[in-house]
Amino acid sequence: MKNYITLFLKGMAMGASDVVPGVSGGTIAFISGIYERLINAIKSINVTNLKLLFTGKFGQFWRNVDCNFLLCIVLGIAFSFLTLAKIITHLLETQPIFIWAFFFGLVIASTLFVGRDVKWNIKTIATFAAMAILSFFITSPQNQPMMQNDALWYIFLCGAIAICAMILPGISGSFILVLLGQYQFMLQAISTLNIVVLVTFMCGAIIGIVSFANILSWLFAHFKQITLAALVGFMFGSLNKIWPWKNTLQTYTDSHGTIKPLIQENILPTIDANFATALCLTIAGFAIIFTIEFVSKKMHKK
């Protein structure tokens, strides 16, 4: 039971991070030690196991797909969306610098924490550098979004790409939708219950996440160190997106009529009381990762 509660809490943390544009639930899964298990569970949703489900062998299907694990994670994410999402969204609107500063410290510590498990050599260092540069350019707040496209094939493709980004540490699925020009369009589809658009997007997401999970699982099995270095690079490069101090260059109006930033640029902070508070929150976010590790080790020893 304790294990299920822990998984539920990790799912809650993933859900809370997914609310923040630029922070991925995959990052939380990565630093909380469930990333590979999550990838393997998703990978297990294949034709062979689905046949078990449709032929009445429900128990075997449940065990093969690790459904106890997936159920705890999904329930945690859902609970977080229903409870914490409004709080975090409100804080992002009213105290954006403080929220970004906290996550900035969290991701820095996460990069160092996970990076300790990598056996650094020429190959892993080169992979880290390449992925960090790629992530830096992808998550640049100055990226110009593409034009909106309501073609069903494009919506399907956006679903597949966005869901893959959500399980990649450091890259937010919602941010990718902004870059693809579909963020506001999908919000409107949800608010108006456009079934055709939503089903098309979900089909793309399902195919995308299962296919990508298979690729990641294979990479972990055959090139674990290089894969870890790549994921650490993605996290490190994403610091570009979650830098707390920004200047808004262009805005957009969401489906609720709220004006939100679309294109921004990173700027240097002003040294004042807010800077001191943001710095303390960055340190707090940094400290949380290593506090969790310390407590986990103590519990493991007991």
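User: What makes Gly25 and Ile77 count as residues that Met14 touches?

Analyst: Contact means heavy atoms within 4.5 Å. By that test Met14 touches Gly25, Ile28, Ala29, Ile34, Leu38, Ile73 and Ile77. Residues up to four places away in sequence are not counted. This is a predicted model, where local features need pLDDT of at least 70, side-chain atom pairs count only at pLDDT 80 or more, and totals for chains, interfaces and linings use all residues. Residues are numbered from 1 along each chain as its sequence is written, and side-chain values use heavy atoms, with hydrogens and water left out.

User: What makes a set of residues a nonpolar core, and which residues have the most contacts inside the largest one?

Analyst: The members must be buried Ala, Val, Leu, Ile, Met, Phe, Trp, Tyr or Cys, joined through side-chain atoms within 4.5 Å. Buried means under 20% relative accessible area, exposed over 50%, partly exposed in between (1.4 Å probe, protein chains only). The largest such core has 54 residues. Met14, Phe30, Tyr35 and Phe69 have the most contacts inside it. Elements giving two or more residues to this core include α1 (2–19), α6 (67–94) and α12 (195–222). The largest share, nine residues, comes from α7. Apart from this core lies another of 16 residues, among them Leu177 and Ala189.

User: Why are α7 and α13 called roughly antiparallel?

Analyst: Angles under 35 degrees count as roughly parallel, over 145 as roughly antiparallel, 65 to 115 as roughly perpendicular, and the rest as oblique. Helix α7 (residues 96–115) and helix α13 (residues 224–237) pack at about 165°, with axes 9 Å apart. The pair is therefore roughly antiparallel.

User: Which residues make that contact, and how many are nonpolar, polar or charged?

Analyst: Helix α7 contributes Val107, Ser110, Thr111, Val114 and Gly115. Helix α13 contributes Val232, Met235 and Phe236. Ala, Val, Leu, Ile, Met, Phe, Trp, Tyr, Cys and Pro count as nonpolar, Asp, Glu, Lys and Arg as charged, and the others, Gly among them, as polar. The contact has five nonpolar, three polar and no charged residues.

User: Why does Asp66 count as partly exposed?

Analyst: Its relative accessibility is 22%, so Asp66 falls in the partly exposed class. Asp66 lies in the loop between α5 (58–64) and α6.

User: What is the phi of Asp66?

Analyst: It is near 60°, a positive value in a residue other than glycine. Most residues other than glycine have a negative phi.

User: How much of the protein is buried?

Analyst: Of its 302 residues, 45% count as buried.

Terms used:
Axes fitted to C-alpha atoms, helices over the stretch in contact; angles between N-to-C directions. Helix = DSSP H or I, 4+ residues; strand = E, 2+ residues; numbered from the N terminus.
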